[in-house]
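Hi,

Here is the structure I promised to pass on to you. Please open it alongside this note, and I will go through what turned up.

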Amino acid sequence: MSYFCYSQFFAIQTNQTKQIQEIQQMKKITKEVYLQWYEDMQFWRKFEDKLAAVYIQQKVRGFLHLYNGQEAVLAGALHAMDLSKDKMITAYRNHVQPIGMGVDPRKVMAELYGKVTGTSKGMGGSMHIFSKEHGFYGGHGIVGAQIPVGAGMAFADQYFNTGGVTLTYFGDGAARQGSLHEAFNMAMLWKLPVVFICENNGYAMGTSVERTANHTDVWKLGLGYEMPCGPVDGMNPVKVAEAMHEAIERARRGDGPTFLEMKTYRYRGHSMSDAQLYRTKDEVEEYKKIDPITQVLDIIKENNYATDAEIEAIDERVKNLVDECEKFADESPFPEVQQLYDVVYEQENYPFIPHKL
Ligand SMILES: Cc1ncc(C[n+]2csc(CCOP(=O)(O)OP(=O)(O)O)c2C)c(N)n1
Ligand SMILES: [Mg+2]
């Protein structure tokens, strides 16, 4: 299984749109970066494995969409972002992105448990993690709804001249929504500081990309708007970081949006209630051969960046932190009923609902 290199395709795009400019150097990918990537991605993976386990115990209820397999897309992006001003918005597969951006993972797990110590006081749940403080703007359950919202966030950055860039994520299924076209058009017209990122994990619920459209190269949707665009190996954080760096720099210097199609894969079902009859176990195993965590671990071992004992110590830290998150969520209280009435829009003398207890 081989993925195309983004820069190959971008070369075609730059020639077409004559946007060749000097590009700021990307932060070096050092030994420390590989070790951080390993620890972060392991944590995100184990955090979600824990969620799957507590879901079966009915401690987490409702929908639960897990990110296992797609971690390199986040790890690479974080390397290229400036977390002091850049923002992120995505769909409902949204538990680990805020953690990567600095949100306390204990609060994320508590949110999933519906506890008052959660990021939204337990009122949002799985699909609605949110942290304005850390630049993470959700968490959206309506497929494709976050695409124009991300463009709007970028408009605010342009208008207020903050220098920030908005990373707007969506799935291959969402890419077929009309909202994408309106957002792409305006973003190109106004050269908004936004990077549109399609995480093509092969499926929209049980519908494969092949069954969704006449062509399977989602990145080509950018061509109609002359938006720089291309595919990226989304299983490799190095490739993701390089493509994201180029796109973020372009947006930051005022040259507008980029559209990247991250070719990735999810190991688990669409959500916890998915019997996965639309794919074979062999297909999942094939993708596990290019697992992002294994790829990074191989590089660490080949270059002697860490001893076996040091790697074991990382794994132990990861396990302890996941346990700590579970304990925190378990032991936190549920919100008081009164909270329901404190966080909704309230109109005095509204005729039907007695809105205060
Ligand atoms: C407007 C709208 N239509 C349909 C749905 C039901 N739905 C939820 S997820 C989903 C599939 C989306 O797939 P994709 O965009 O590829 O994201 P992924 O789940 O693979 O991350 C659908 C159709 C919805 N939530 N919103
Ligand atoms: Mg998908």
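A residue counts as buried when 20 or more other C-beta atoms lie within 10 Å of its own, as exposed when there are 12 or fewer, and as partly exposed in between. Please keep in mind that this is a predicted model.

Let me start with Phe 328, which sits in helix H11, residues 308–331. Phe 328 has 18 other C-beta atoms within 10 Å, and is therefore partly exposed. Apart from neighbours within four places in sequence, Phe 328 is in contact with Arg 106, Met 109 and Ala 110. For a sense of scale, Met 188 is 140 residues away from Phe 328 in sequence, and their C-alpha atoms are 45 Å apart in space.

The axes of H5 (residues 105–112) and H11 come within 8 Å and cross at roughly 45°. That angle makes H5 oblique to H11, and the crossing is right-handed. On the H5 side, the residues that meet H11 are Pro 105, Arg 106, Met 109 and Ala 110. Their partners in H11 are Leu 321, Glu 324, Cys 325, Glu 326, Phe 328 and Ala 329. Sorted by class, this contact holds seven nonpolar residues, three charged ones and no polar ones.

How enclosed is H5 by the rest of the structure? Largely so, because seven of its eight residues are buried. The buried residues are Pro 105, Lys 107, Val 108, Met 109, Ala 110, Glu 111 and Leu 112. They pack against H2, H11 and helix H4 (96–100). After H5 comes Gly 114, with a positive phi near 75°.

H2 has another helix partner worth a look. The axes of H2 (residues 31–56) and H3 (residues 71–80) come within 10 Å and cross at roughly 140°. H2 and H3 are therefore oblique to each other, and their crossing is right-handed. H2 contributes Val 33, Trp 37, Asp 40, Met 41, Trp 44 and Arg 45 to the contact, while H3 brings Glu 71, Ala 75 and His 79. By class, that gives five nonpolar, one polar and three charged residues.

Next, a residue in a loop: is Leu 192 buried or exposed? Leu 192 lies between helix H7 (178–189) and strand S3 (194–200). With 26 other C-beta atoms within 10 Å, Leu 192 is buried. Leaving aside neighbours within four places in sequence, Leu 192 is in contact with Ala 151, Ala 154, Phe 155, Gln 158, Ala 187, Gly 256 and Pro 257. Asp 315 is 123 residues from Leu 192 along the chain, and the C-alpha atoms of the two are separated by 41 Å.

Most residues other than glycine have a negative phi, and most peptide bonds are trans. Here are the spots I noted:

- The peptide bond from Gly 138 to Gly 139 is cis, with omega near 25°. Gly 139 is in the loop between H5 and helix H6 (146–159).
- Lys 121 has a positive phi, near 55°. Lys 121 is also placed in the loop between H5 and H6, and with 17 other C-beta atoms within 10 Å it is partly exposed.
- Asn 161 has a positive phi near 55°. Asn 161 belongs to the loop between H6 and strand S2 (166–171). Asn 161 counts as exposed, because it has 7 C-beta neighbours inside 10 Å.

Finally, the ligand. How many residues surround ligand 1? There are 14, and the closest are Val 143, Gly 171, Gly 173, Ala 174 and Ala 204. By class, the shell around ligand 1 is made up of seven nonpolar, five polar and two charged residues.

Happy to talk any of this through once you have had a look.

Best wishes

Conventions
Residues numbered from 1 in each chain as written. Chains lettered and ligands numbered in written order. Predicted model: local features only at pLDDT ≥ 70, side-chain atom pairs only at ≥ 80, totals over all residues. Near = placed C-beta within 6 Å. Nonpolar A, V, L, I, M, F, W, Y, C, P; charged D, E, K, R; others polar. Axes fitted to C-alpha atoms, helices over the stretch in contact; angles between N-to-C directions. Helix = DSSP H or I, 4+ residues; strand = E, 2+ residues; numbered from the N terminus. Parallel < 35°, antiparallel > 145°, perpendicular 65-115°, else oblique. Left-handed = near helix turned anticlockwise from the far one by under 90°. Contact = placed C-beta atoms within 7 Å.
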